[in-house]
Amino acid sequence: MNIGFDVFSMPLAALLAVLLDRLFGEVKRWHPLVGFGNLAGAIEKKLNQRNLLAGVVAWLLAVAPWVVLAFWLRPYAPFVVDVVLLYFALGAQSLCEHAEAIAQPLQAGRLDEARQRVGWIVSRETSALDESGVAKAGVESVLENGNDAIFGALFWFALLGGPGALFFRLANTLDAMWGYRTKRFNLFGRPAAR
């Protein structure tokens, strides 16, 4: 529950964060998630022993300090903390930009460029896709990533405020980095994937 937080503060904070995302998109330089990705990469290099326990410890080391800090800071400035954390957790504008970067060359008949652009957001080979295949891959990826970039962040924000959105986005980032069934990540990355 939000102590000292009236019933309009969270919806207003969410609206402001969505507006900031729409106006500014993702920060181009020094984005917190880029820094988090670098930290996660360093943690993985040090701790990946290819077992579940190492994966759990690494996940906790990467995520828990930031979420605890967010919960600790929130009582001092709940509205500001919620707006900033949700803004950084959202990626709707970026997702729209990626979709547009596929749609424009596809509509202009530049299939090779559209294939290349869709290849940036899907995890499969795109060089042999026809126009329909590129369009389908783009739509599927936008819908799938919509959960990560928009709906999941808003859901966790509604439950736990800005710290909830942060928790979701960091956990989701680790899933994207470590959640693979490869020799390197099968056991270590399983906690992140779950």
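**Entry 1: the largest pocket**

I went for the pockets first, and the largest one has a volume of about 930 Å³. There are 27 lining residues, and I found I121, N145, D148, N172 and A176 closest to the centre. My notes on the term: on a 1 Å grid over the protein atoms alone, a pocket is an open set of points where a 1.4 Å probe fits, with protein on both sides within 12 Å along at least five of seven lines, and lining residues have an atom within 4 Å of a point. For the volume, grid points are joined across faces, edges and corners, and the space filled by probe spheres set on the points is taken.

Before going on, a note on what I am looking at: this is a predicted model, where local features need pLDDT of at least 70 and side-chain atom pairs count only at pLDDT 80 or more, while totals for chains, interfaces and linings use all residues. Residues are numbered from 1 along each chain as its sequence is written, and side-chain values use heavy atoms, with hydrogens and water left out.

Which helix gives the most to this lining? I got helix 7, with 12 residues. Helix 2 (32–47), helix 5 (92–107) and helix 7 (131–178) each put in at least two residues. Helices here are DSSP runs of H or I, at least four residues long, and strands are E runs of at least two, numbered from the N terminus. Sorted by class, I have 10 nonpolar, 10 polar and 7 charged residues around this pocket. In that sorting, Ala, Val, Leu, Ile, Met, Phe, Trp, Tyr, Cys and Pro are nonpolar, Asp, Glu, Lys and Arg are charged, and the others, Gly among them, are polar.

**Entry 2: the second largest pocket**

I moved on to the second largest pocket, which holds about 320 Å³ of space. It has 16 lining residues, and P32, W66, L85, L166 and L170 sit closest to its centre. Helix 2, helix 3, helix 4 (78–89) and helix 7 each give two or more residues to this lining. Helix 2 has the largest share, 5 residues.

**Entry 3: the nonpolar patch**

W66 came up again when I checked the surface. Together with L39, L69, W72, L73 and Y76, W66 makes a nonpolar patch of about 640 Å². The rule for a patch is residues with over 30% relative accessible area and no salt bridge, with nonpolar side chains (Val, Leu, Ile, Met, Phe, Trp, Tyr) joined within 5 Å and like charges within 9 Å. The areas come from the Shrake-Rupley method with a 1.4 Å probe, and for residues only the protein chains shown count as cover.

Helix 3 (residues 52–73) supplies the largest share of the patch, 4 residues, and W66 lies in that helix. The cut-offs: buried is under 20% relative accessible area, exposed is over 50%, and partly exposed is in between.

**Entry 4: salt bridges**

I counted 5 salt bridges, each being a side-chain nitrogen of Lys or Arg within 4 Å of a carboxyl oxygen of Asp or Glu. One of them pairs E44 with R184, closest N and O atoms 2.6 Å apart. This pair links distant parts of the chain, with E44 in helix 2 and R184 in the loop between helix 7 and helix 8 (190–193), 140 residues apart. E44 counts as buried because its relative accessible area is 5%, whereas R184 is partly exposed at 40%.

Next I looked around E113. E113 and R117 are separated by about one helical turn, because they are 4 residues apart in helix 6 (residues 111–119). E113 is partly exposed at 25%, R117 is partly exposed at 25%, and R110 is partly exposed at 40%.

**Entry 5: the whole chain**

I finished with the overall layout. The chain has 8 helices and 0 strands. Its C-alpha atoms fill a box of roughly 55 × 45 × 25 Å along the principal axes. Of the 194 residues, 40% are buried.

Technical notes
Buried < 20%, exposed > 50% of the residue type's maximum accessible area, 1.4 Å probe, protein only.
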